[in-house]
Amino acid sequence: MKKNKTISSQIVSGVLKFLIAVIIILVVIVIIIPSILSLVKGKDIPPVDDSNLPIQTINIPEEENAFYDLNYDLHANKDLINKENIPEGKKLVTDYLEADSWNQELVEQIIIDNEKVLEDWTIAASKDKFQLPYTNEHSKISRDMTVPPLNIYREISRLSGVKAIWLAEEGEYQEALDEALKSIIIGNNIENSQAPLIAHLVGIAIKDNGLDVLQKLISIIPEDFEVSNEYQLELEKQEAEKNASPFIIEYIVWKQALDNSEFVNNPYLSNLEKLLMKNSFYYKENLTLSYYYDFYAKIVIESKKDCDEINKVEWPVDRFENDNIFKMYFTENLVGKYYAYFPEDAFNSVLKKRCATENKLQEIILMIDNRK
């Protein structure tokens with residue numbers, strides 16, 4: 001009996017010792033080592049000096065700002081363009097640019113159906129400035145700022161392109177060229193404005209659409225039709241500025257997200273991740289912001305270069321691999337590196353799109369010049 005007690009006691013004692021050892025190891029791993037890391041290497045870097053990424057205060061009278069001619073109500077956009085007579089399954093300009101046949105009567109009806117929208121487009125094209133009132137100064141820029149549904153501008157641009165081709169088919173060549181120029185002007189003005197990156201991209205797309213329509217017109221208009229010098233001069237004015245403000249606005253939005261402790265208050269964080277956020281070794285707000293600043297400061301520099309001098313900007317932190325637990329455990333600013341995933345290719349592609357459109361513009365100017 002005593003022998004059995006001794007064996008049982010040994011088993012219980014062994015289990016207790018094992019549990020105590022496990023608890024000690026867990027305490028060391030979960031509390032002691034992270035606390036030491038926080039104490040020894042928990043100091044964040046000084047606040048990022050981003051004074052070289054300024055936003056201007058822009059004041060343009062409403063009557064000079066093309067935005068107010070196109071300031072459509074959000075809820076009215078679905079019905080803004082009358083598509084009743086557009087053939088089912090047909091897209092606006094994309095189909096008509098490649099069409100082998102052309103129904104003048106049907107297209108004329110589409111234009112009549114959308115006379116008011118096209119009139120607004122004409123008025124907007126008569127102005128040389130476009131500025132969203134939500135981004136005309138630093139204090140208005142925020143993650144929650146209102147951005148109008150700019151995709152409707154692209155639809156109107158396509159509609160204008162259809163009208164331009166219709167005019168050319170009617171033999172009204174100068175009027176057709178003037179119509180195509182409207183999208184180029186409006187797109188260029190949006191592209192050059194102080195606006196979020198999405199609006200900047202819409203501007204490039206509208207301008208590019210206008211250039212595609214212009215290429216189509218050149219194929220339609222007879223060789224003996226002389227394009228006026230005024231038109232060519234106006235086209236030369238539509239070179240895009242080296243506009244860095246959309247990237248700066250994006251940086252400001254990211255910075256506000258970090259200032260508002262977006263990571264800390266993220267409801268999707270696990271308990272472990274929330275625990276790591278409280279450790280100054282595993283999350284450093286200023287250091288995390290510095291990753292964004294480094295990228296945006298560099299892409300701002302690239303955006304001011306000529307197209308043949310632009311270099312790709314890489315994200316400053318290596319892509320984080322989460323398959324090595326030991327490495328993760330001793331990674332400084334683990335949370336900042338792990339969550340600061342950034343689609344740098346998408347941002348670099350903005351500069352590529354701008355350059356592609358500008359090259360197309362120069363090619364068309366040369367094509368027109370060669371017709372003389």
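Select Leu-39 to begin: at 75% relative accessibility this residue counts as exposed, where exposed means over 50% relative accessible area, buried under 20% and partly exposed in between (1.4 Å probe, protein chains only). The model is predicted, so local features need pLDDT of at least 70 and side-chain atom pairs pLDDT 80 or more, whereas totals for chains, interfaces and linings use all residues. Residues are numbered from 1 along each chain as its sequence is written, and side-chain values use heavy atoms, without hydrogens and water.

Leu-39 lies in helix H1 (residues 2-41); helices are DSSP runs (H or I) of at least four residues, numbered from the N terminus.

Turn next to the aromatic rings. Rings of Phe, Tyr and Trp (its six-membered ring) pair if their centres lie within 6.5 Å; planes under 30 degrees apart are stacked, over 60 edge-to-face and the rest tilted. The count is 14 aromatic pairs. Select Phe-67 and Tyr-134, an edge-to-face pair at 6.2 Å centre to centre with 85° between the planes. Phe-67 lies in the loop between H1 and helix H2 (93-98), and Tyr-134, 67 residues apart from it, in the loop between helix H4 (115-125) and helix H5 (151-169). Phe-67 is buried at 1%, whereas Tyr-134 is partly exposed at 23%.

Finally, select the cluster that ring pairs form from Tyr-251, Trp-254, Tyr-292, Tyr-293, Phe-295, Tyr-296, Trp-315 and Phe-347.

Technical notes. Helix = DSSP H or I, 4+ residues; strand = E, 2+ residues; numbered from the N terminus.
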